[in-house]
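I ask you to look at the sequence and the structure together as I speak.

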Amino acid sequence: MNYVKKVLVFLFVMVLSIGSFKSTSVFAEEDSLLTITKTYGDGPFKISFTSSGRGKMTYSSSNTKVVTVSSTGKVTIKGCGIADVKIKAAATEKYKAKNSKVTIIVKPKRQQITDLKLDKRNITIKWNKDTKADGYYIYYSTDYKFSNDLNKVKITKNKTTSSTIKNLKTDKKYYVKVCSYKNSGKKIVKGDFSKIRNVKIQK
């Protein structure tokens, strides 16, 4: 009988938040994969991994600048980006060693537009500086849902906290929102967008 194929892995991800305790469980055979999305500033949470073999568990982080993990599976957020928490259950008499992985995405904090000024056909947008981000995205559109006529401006320095968009169409209302982003390898991790602001360009 092939015991390896009968290994049942229970992966419990327990997220501790202020004033409440939330838990998510995933059931899988053999290697288990899970992705968790968090926001910078969230508190520590725990990953518990239990296998039928009951071998000793070890945890490690692929990027300690994003998250660290203790010997008991407690994960602490250190920065924005993407990191893998690798989990290994040691071999026992009847079961082979098992490996699993939890991918953790840590987003920048939600942005906030601090000022929006109109000067004829130009608008100047100001937002909060995010020291944990690499830059910002400005989305603007004449469509409130940003489905049509979507325009994007990428700000590549996190020290920049304002931008002017020029020569907009007259007699149009424009909607604007901003988010922070973090480069993580070849991927970009975006934070939540700010509340939408709007301005009317006069004739």
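A residue counts as buried when its relative accessible area is under 20%. Please keep in mind that the model before you is predicted. By that cut-off C179 is buried, because its relative accessibility is 0%. C80, with a relative accessible area of 7%, is likewise buried.

How many disulfides does the structure hold? The number is zero. In general, a disulfide is a covalent bond between the sulfur atoms of two cysteines.

Is V66 buried or exposed? V66 has a relative accessible area of 2% and is therefore buried. Leaving aside residues up to four places away in sequence, V66 touches T76, I77, K78, G79, C80, G81, I82, A83 and V106. As for K78, 12 residues separate it from V66 in sequence, while their C-alpha atoms are 4.9 Å apart in space.

Finally, the sheet. Four strands make up an open sheet, arranged in the order β3-β9-β8-β5, with mixed pairing. β3, residues 33–39, and β5 stand at the edges; each has a single partner strand, so one side of each has no neighbour in the sheet. From one strand to the next, the twist averages 20°.

Strands of a sheet pair through backbone hydrogen bonds, either parallel or antiparallel. In which sense do β3 and β9 pair? β3 and β9, the latter spanning residues 98–107, pair in the parallel sense, over seven bridges. T35 has T103 as its bridge partner in β9.

Definitions and conventions: Residues numbered from 1 in each chain as written. Predicted model: local features only at pLDDT ≥ 70, side-chain atom pairs only at ≥ 80, totals over all residues. Heavy atoms only, no water. Disulfide = S-S within 2.5 Å. Buried < 20%, exposed > 50% of the residue type's maximum accessible area, 1.4 Å probe, protein only. Contact = heavy atoms within 4.5 Å. Pairing = 2+ DSSP bridges. Helix = DSSP H or I, 4+ residues; strand = E, 2+ residues; numbered from the N terminus. Axes fitted to C-alpha atoms, helices over the stretch in contact; angles between N-to-C directions.
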